[in-house]
Amino acid sequence: MPVTVTRTTVTTTMSSSSGLGSPAIVGSPRALTQPLGLLRLLQLLCTCVAFSLVASVGAWTGIMGNWSMFTWCFCFSVTLIILVVELCGLQSRFPLSWRNFPITYACYAALFCLSASIIYPTTFVQFLSHGRSRDHAIAATAFSCIACVAYATEVAWTRARPGEITGYMATVPGLLKVLETFVACIIFAFISSPSLYQHQPALEWCVAVYSICFILAAVAILLNLGDCTNMLPISFPSFLSGLALLSVLLYATAIVLWPLYQFSEKHGGQPRRSGDASCGARHTYYVCAWDCRLAVAILTAVNLLAYLADLVYSARLVFVRV
């Protein structure tokens with residue numbers, strides 16, 4: 001049986017799909033004229049225009065450019081699928097929990113578009129010469145920013161409210177799980193070079209921490225999307241509480257060890273950026289080793305705060321079976 005989550009005071013079950021209090025219209029073209037439907041049309045338009053502008057002039061190169069292009073194409077495709085499902089009333093036939101999937105995707109899409117809106121102009125657009133390609137790239141960045149705001153607005157509209165019975169992914173801890181896994185993926189991108197950590201067992205431990213916590217958070221998300229929370233050998237609330245507590249403890253060690261062994265000369269680190277030869281030149285599509293180390297340290301702190309908030313908010317949830 002699916003598990004839904006509410007705040008401590010359970011009052012009523014909301015039937016609104018938009019989070020604005022309007023009744024859901026299932027399997028009707030009128031679904032597109034509702035606030036949430038119009039918002040998703042805006043998301044579809046912005047992501048389509050973004051990748052079309054870039055593709056029309058071939059204005060993407062390297063890993064960062066490929067990531068931005070993937071983001072816009074992926075968000076366009078999944079948003080189109082969601083619109084078709086709601087337009088045709090196929091929610092009950094969708095293989096994933098419709099109570100959890102749309103808001104989970106919207107949160108990921110907001111983070112994806114945010115990353116593309118930052119990465120694409122800083123690693124590509126600023127190096128383009130003035131002309132048609134640069135104009136298209138700037139316009140694509142603008143539409144990416146609008147898409148990010150649109151997806152974030154959907155999350156704000158459809159997230160759980162006090163007293164509302166809803167899916168776990170619509171609650172603050174559920175949305176934090178999305179943030180935690182996304183930040184972990186960015187960390188993995190920055191530590192893709194083994195030379196950043198293989199010379200010290202303490203740094204290898206940090207990489208293990210990032211991996212373990214990512215896997216556990218991803219499992220929690222997948223269990224909710226698949227309505228499989230009852231397959232665990234322990235109760236799902238206990239699993240979530242243990243996950244959050246374990247992650248906080250593990251990240252607490254990483255937040256100490258990673259900066260200590262990366263930036264302390266006493267432990268073989270490099271305290272100054274100027275001392276890193278790889279940071280001496282300005283490269284397009286390239287992040288030097290010292291900047292990667294600093295980025296991982298910052299993101300470790302971000303995820304530690306996210307797991308702390310997750311632990312606190314999880315204590316305020318009441319689980320009910322429907």
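Colleague: Which pattern does the protein chain follow when read along the sequence?
Modeller: The secondary structure of this predicted chain comes to 8 helices and 3 strands. Read along the sequence, these elements follow the pattern β-α-α-α-α-β-α-α-α-α-β.

Colleague: Is the crossing of α1 and α4 left-handed or right-handed, and how many nonpolar residues does their contact have?
Modeller: The crossing of these two helices, α1 and α4, is left-handed. Sorted by class, the contact of α1 with α4 has 3 charged residues and 7 polar ones, while the nonpolar residues number 18.

Colleague: Is Ala 220 buried or exposed?
Modeller: Ala 220 is found in helix α6, which spans residues 201–225. Residues count as buried under 20% relative accessible area, and because the value for Ala 220 is 0%, this residue is buried.

Colleague: What separates the C-alpha atoms of Ala 220 and Leu 240?
Modeller: Leaving aside neighbours within four places in sequence, Ala 220 is in contact with Lys 177, Phe 236, Phe 239, Leu 240 and Leu 243. Ala 220 and Leu 240 are 20 residues apart along the chain, and their C-alpha atoms are separated by 7.6 Å.

Colleague: What percentage of the residues of the protein chain count as buried?
Modeller: The accessible surface of the chain comes to about 14,800 Å², of which 68% belongs to carbon and sulfur atoms. Of the 322 residues of the protein chain, the share that count as buried is 47%.

Note on methods. Residues numbered from 1 in each chain as written. Predicted model: local features only at pLDDT ≥ 70, side-chain atom pairs only at ≥ 80, totals over all residues. Heavy atoms only, no water. Left-handed = near helix turned anticlockwise from the far one by under 90°. Helix = DSSP H or I, 4+ residues; strand = E, 2+ residues; numbered from the N terminus. Nonpolar A, V, L, I, M, F, W, Y, C, P; charged D, E, K, R; others polar. Buried < 20%, exposed > 50% of the residue type's maximum accessible area, 1.4 Å probe, protein only. Areas by Shrake-Rupley, 256 points an atom, 1.4 Å probe, with all protein chains shown as cover. Contact = heavy atoms within 4.5 Å.
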